[in-house]
Amino acid sequence: MIDFDPQANATSSLTGIRSAGNNIYHGLTGSVSYDQLIRFSDILNYHYIPSSSDLSGALVELVSMSGREYYLRNFIHNLRQQYDYILIDLPPSLSLLTLNGLIAADEVIIPVQAEYYSLEGLSELLQTVDLLRERMHHPLRVAGAVVTLYDKRERLARDVAKNLRTHFPYRVFDVEIPRAVSLAEAPGFGKPILIYDPNSIGANAYRRLAEEVIALEGGLKDEL
Ligand SMILES: Nc1ncnc2c1ncn2[C@@H]1O[C@H](COP(=O)(O)OP(=O)(O)OP(=O)(O)O)[C@@H](O)[C@H]1O
Ligand SMILES: [Mg+2]
C-alpha cells in the first residue's frame with residue numbers, strides 16, 4: 001500500500017503513528033530508493049510505504065518540472081513485479097498528486113459515500129479518467145465503485161446506492177460497506193480492521209470487497 005495522501009491517514013490507521021523518517025516524498029524526489037521505504041505491517045505480506053505532510057511540498061516542487069505527472073509511475077516501475085497488488089491511497093481532491101496516482105495506476109477503485117454530494121464528485125473524477133485516456137493515452141480502467149458509509153435504514157443512502165447502481169457506467173461492487181462503529185474506531189487504535197475486530201460486520205464487508213476484486217482478476221485473465 002502506498003500512502004499518497006499528505007494527510008497520511010492510511011499510514012496512521014495502519015500503524016498508529018503518522019510516521020517519522022523517510023516516506024514516499026523522498027521516493028518521489030529520488031533521494032531514497034524504494035527498498036529503503038518499504039515497511040512491514042502487522043498483516044502478513046502486507047507492506048506499505050508511508051506518507052507525510054512533506055508530500056504537499058512535492059506539489060509545489062513538481063509543478064514546474066517536465067513530466068511532472070509521471071513521478072509516481074516511474075517510482076513504482078521497479079516495484080511492480082514484486083507484488084500481486086499495489087494499492088495507492090490518493091487525496092480526495094483533484095491535484096497533481098492525484099494525477100500522479102492515476103497515471104501510476106492500471107485501474108481505479110472509487111469509494112462513494114452514500115450521500116448526495118458524492119455523486120457530483122464522481123462525475124468530475126470520471127471526466128478526469130476520460131481525459132487521461134484520451135489526451136494522455138493512459139489506458140486506465142475503472143475497476144468499479146464501492147458504496148461506503150452505507151446505512152440501509154436511511155432513505156437517502158438507499159437512494160444514492162440505487163442511483164449509482166442504475167446510472168454508473170462501470171461496475172458497482174456488490175458489497176456495500178456499512179457505516180459501522182468498529183470501522184470508525186479502528187484508526188484511533190492504529191489498527192487495520194482485520195486486526196482490530198476481524199469478525200465485525202465492517203471487516204467482513206471489506207473481506208468481501210477483496211474477494212470481489214480478486215475475482216475480477218480471474219475475469220481479466222479470461223478476456224486475455
Ligand atoms: N464504513 C465506515 N463506518 C464508520 N466510520 C467510517 C467508515 N469508513 C470510514 N469511517 C471513518 O471515517 C474516517 C475517514 O475515513 P477514510 O479515511 O476512509 O475516508 P477518506 O475519504 O479517505 O478521508 P480523506 O478524504 O480524509 O482521505 C475514518 O477514520 C473512520 O473513522
Ligand atoms: Mg483518504
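Does Asn23 count as buried or exposed, and at what relative accessibility? At 1% relative accessibility, Asn23 counts as buried, where buried means under 20% relative accessible area, exposed over 50%, and partly exposed in between (1.4 Å probe, protein chains only). The model is predicted: local features need pLDDT of at least 70, side-chain atom pairs count only at pLDDT 80 or more, and totals for chains, interfaces and linings use all residues. Residues are numbered from 1 along each chain as its sequence is written, ligands are numbered from 1 in the order in which they are written, and side-chain values use heavy atoms, with hydrogens and water left out.

Asn23 is located in the loop between α1 (9-15) and α2 (24-28); helices are DSSP runs (H or I, at least four residues), numbered from the N terminus. The side chain of Asn23 makes a polar contact of 3.1 Å with that of Ser52 and one of 3.3 Å with that of Asp54. A polar contact is a pair of N or O atoms within 3.5 Å; within protein, one must be able to donate a hydrogen and the other to accept it, and residues adjacent in sequence count only if both atoms are side-chain atoms.

Ligand 1 is surrounded by 13 residues, each with a heavy atom within 4 Å; the closest are Pro92, Pro178, Ala180, Leu183 and Ala184. A polar backbone atom of Pro178 lies 2.8 Å from a nitrogen atom of ligand 1, and a polar backbone atom of Ala184 is 3.2 Å from an oxygen atom of ligand 1.

Key
Helices (H or I, at least four residues) and strands (E, at least two) are DSSP runs, numbered from the N terminus.
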